[in-house]
Amino acid sequence: MQSPATTRIHDSLDRALSRKRLVFWYDPKEEWLEEFESYPDTAVLKRRVEENEFALKVAIARAPLSQRFLLYIPSAKPEESGNWLLDLLLAGQEFKADRASLDLGDAGLPLEFKSLAREHSHFFRSTTRLQKFKDLRQPGDQEADIR
């Protein structure tokens, strides 16, 4: 079963890929690899970019214009001068996912608690703990109450 965050990410990818042929997903910490791999749209070609930029450029150039690509890059976005895929990125779209914001949404907490979500990221990954948290949470809880 997918987590609500994974479902939201896949829905966001669907929207991005409905607008653009190429979607780039930079993930230097590789925290989104599972979401990339589990993306279900079989009509979209998912490719990892790992020192295969030239081969990908050729494959994209040869593919029909109707073909959509989701390019997962397990590194930080390079400087423009060193980005072999810059022309494709400018024609496509960069996708970003913020783990702390998604965790807050799942917990029903406002963005003011983003530092708390970053600090306790492992807590928010457990659906059991998250449900218990939601059951205990009271309206108006402050950060000390939540901790």
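Which charged end sits over the ring of Trp32, and how many Å from its centre? That would be Arg99, at 3.9 Å. Here a charge counts as over a ring if NZ of Lys or CZ of Arg is within 6 Å of the ring centre and within 35 degrees of the ring normal.

## Before we go on

This is a predicted model, where local features need pLDDT of at least 70 and side-chain atom pairs count only at pLDDT 80 or more, while totals for chains, interfaces and linings use all residues. Residues are numbered from 1 along each chain as its sequence is written, and side-chain values use heavy atoms, leaving out hydrogens and water.

## The aromatic rings

A search of the whole structure turns up six aromatic pairs. To pair, rings of Phe, Tyr and Trp (its six-membered ring) need centres within 6.5 Å; planes under 30 degrees apart are called stacked, over 60 edge-to-face, and the rest tilted. One of the pairs is Trp25 with Tyr72, edge-to-face at 6.0 Å centre to centre and 85 degrees between the planes. Trp25 sits in strand 1 (residues 22-26) and Tyr72 in strand 3 (residues 68-73), so this pair ties together parts 47 residues apart in sequence. Strands (E, at least two residues) and helices (H or I, at least four) are DSSP runs, numbered from the N terminus.

Trp25 and Tyr72 are both buried, with buried meaning under 20% relative accessible area, exposed over 50%, and partly exposed in between (1.4 Å probe, protein chains only). Trp25 also pairs with Phe95: the ring centres are 5.0 Å apart and the planes at 80 degrees, so that one is edge-to-face too. Phe95 belongs to strand 4 (residues 93-95), so the link from Trp25 in strand 1 spans 70 residues of sequence. Phe95 is buried as well.

Put together, Trp25, Trp32, Phe36, Tyr72 and Phe95 make one aromatic cluster. Phe36 has a charge over its ring: the charged end of Lys46, 5.6 Å from the centre.

Helix 1 (residues 4-19) packs against helix 5 (residues 99-107) at about 120 degrees, with axes 9 Å apart. Axes are lines fitted to C-alpha atoms, for helices over the stretch in contact, and angles run from 0 to 180 degrees between N-to-C directions. On the helix 1 side, Pro4, Ala5, Arg8 and Ile9 meet Leu102, Gly105 and Asp106 of helix 5; contact means heavy atoms within 4.5 Å.

## Over at helix 7

His122 is found in helix 7 (residues 121-125). His122 is exposed, its relative accessible area being 65%. From His122 to Asp103 is 19 residues in sequence and 10.0 Å in space, C-alpha to C-alpha.
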